[in-house]
Amino acid sequence: MATADGVEYVDASKPAQDRMKRYEKFADEIAELIRTGVIAPGEKVPSVRHASRTYGVSPSTVFQAYYLLEDRGLIQARPRSGYFVHALARRQLHEPDIGQYASGSVEVDVSELVFSVLSSLKDPDMVAFGSAFPSPNLFPLARLSRSLANSARDMQPHAVIADMTAGNPDLRRQIALRYMVSGMMLPLEELVITTGAMEALNLCLQTVTQPGDLVAIETPAFYATLQVLERLKLKAVEIPVHPREGIDLDSLADSLQRFPIKACWFMSSLQNPLGASMTDEKKQALYALLKQHQVPMIEDDVYAELYYGSQPPKPVKSFDTEDLVMHCGSFSKCLAPGYRVGWVAAGRFAEQISRLKLMTTISPSVPAQAALADYLQHGGYDRHLRKLRHSLESQQRAMLASAARHFPADTRVTRPNGGYFLWFEFPTRVDSLQLFQHALAQGISLAPGPIFSASRHYGHCARLNYGHPWDTRSEQAMATLGRIIASF
Ligand SMILES: Cc1ncc(COP(=O)(O)O)c(C=O)c1O
C-alpha cells in the first residue's frame, strides 16, 4: 500500500509473497526478464522515468529496485547512461556429479579439523559463509521474547520440576499436532523433547549401538555426525549421496549385504551439506531396504521446515510400519536458535532414549520449552515460516548468480530446493583448506569440504551459507573468493 509520503507499508495479514515490498517485487520482475533473456546481457534496462510510467510505480520504487539488482550483481550503472544488464548476468554454473566415495568401514578422526574451522566462525565481523545458521535477523526474536515472558509469568511452580522428565506437555502436543497435520499420527509417549536435535541424534545412536559397531552414514556428511561417531568409538560405512537425488541406494544395499551395520544415520530431505532431497518413491525404497535387513534408521530432519516447494517433504518415518525409524527435529534452524530445543519421534525406542537423557542432561530448559509452546500456539509460526522460506529462496538466487559471475566457469554448484547451503565443487587444483585460510585473512568464513568426510575427501569443495540477506558486502566477498580461487 503506497501512502502520500511515498512510503510503502506492508499488510502483515497477507501471506509472505504478498507482503514483499513493492520495490522487491519490481526487482524480481526485472530479474525474471533478465533470467529469461528478454533483456540480454549488455542491454539497457528501462530508464527510471520510463519504468515508473509503464509499470505504474513511483520513481523511488524503481530506484530502490535498481539498487537491489545492482547489489545482486545483475545490473550495472554507467555514468550518465543509465543501468545495463551485467555481461555475466545469465551465466549459470553446472551441478556437481554423483559422489564417488563409497568406503569400507573407516575409523573417524576429524574433530581437530572441525574445531579449528568452527572456532574461526565466532567473529561477528566475518562474512558468515561458513556459518551453520541463517541470520538471526530472519527469526521472530521479539515475538519469542514475549512468549518467554508470558510463559514464565504463568508457569506453575510444580511444572518446573514435573516438566523436566517428559517435557512440556503443551509443547509435545503442539509438535504432535504438526505431525498430525502432515499426515502422521504419533502417540505422545513416543515424543522425547531434547536439548536440540544434537542430543536426540546422540541418544538415538547410543540406544542402538555399542562401541566398535558399524554405522552407515552419508558422504559427504554433516561434520557433527562424524564427531559423534568418533566420540562413541563407532566405525563409519560411507554411502555416497547424489547432489539432487540423495543417498545412492545401490551402494547402501551392497553395504548392508557386506557389513554387519547396526544403524543408519541419514538425512532424506535437504541433506547437509548437499541439500539433496529424495523422492517419496526413493524414500519408500530406502525403507524397504531397512526393513529387509531390520536395521534401525536415525533420520536427521532439522531442515524439514525450510522447503521452497508448495508441499513439505515427507520423512522416511512416514513410511515406517515396523517402528524402525527415529525421526529427529529441531527449532534451531527455523525458529529459535540458542533455545536448544529439539525432539525425537522415537517409537519403541522412546523409553530407552528418555532414560539415557535422564542419566545425562536430564532435560532441556523448562522455560525455553514453555516459551516455544506459547509461540507455537499464539505466535504465527506458519506465517513466519512462509516469510523465512521466501527470504532464503531469494538469497539462494542471489548467491547462485553471484557465483556464476565471480567463480571459474568450471566450478560446479548444487541448487537445493530448500535450506540455506550451497555446495561448490571447484576445479581440482583448488585446495579448499588453503582457500579457507586465505578467505579468513580477508574476513570471510566458509566450510571447507574435508570437514564433511571421514576419509578427508572433498579437498576441492566447500559449503557456503546464503542464510544472510544479500548485500554489497556479500557480493564483494564472492568477488574476493573468486580471485582467491583463480589464484590456485
Ligand atoms: C544436519 C544437522 N543436524 C543436526 C544439527 C543440530 O541441531 P540442533 O541445533 O537442534 O542441535 C545441525 C545443526 O547444525 C545440522 O546441520
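**Close-up views of a predicted model**

**View 1. A residue pair between strands 16 and 17.** A447 stands opposite R463 in strand 17, strands being DSSP runs of E with at least two residues, and helices runs of H or I with at least four, numbered from the N terminus. Strand 16 and strand 17 (residues 461-465) are joined in the antiparallel sense over two bridges, where pairing requires that DSSP finds at least two bridges between the strands. This is a predicted model, in which local features need pLDDT of at least 70 and side-chain atom pairs count only at pLDDT 80 or more, whereas totals for chains, interfaces and linings use all residues. Numbering starts from 1 along each chain as its sequence is written.

View 2. Four strands, in the order 13-14-17-16, form an open sheet with antiparallel pairing. Its edges are strand 13 (412-413) and strand 16 (447-448), each of which pairs on one side only.

**View 3. The contact between domains 2 and 3.** Domain 2 (108-136 + 383-486) and domain 3 (140-381) are among the domains assigned to the chain, with bounds from an automatic or database domain assignment. Their contact takes 29 residues from domain 2 and 30 residues from domain 3, counting residues whose C-beta atoms, placed from the backbone, lie within 7 Å. On the side of domain 2 that touches domain 3, helix 15 supplies the largest share, seven residues.

**View 4. The shell around the ligand.** The residues around the ligand include A132, F222, M267, N272 and D300, each with its C-beta atom, placed from the backbone, within 6 Å of the ligand. Helix 9 (residues 196-208) gives the most to this shell, with three residues.

Note on methods:
Contact = placed C-beta atoms within 7 Å.
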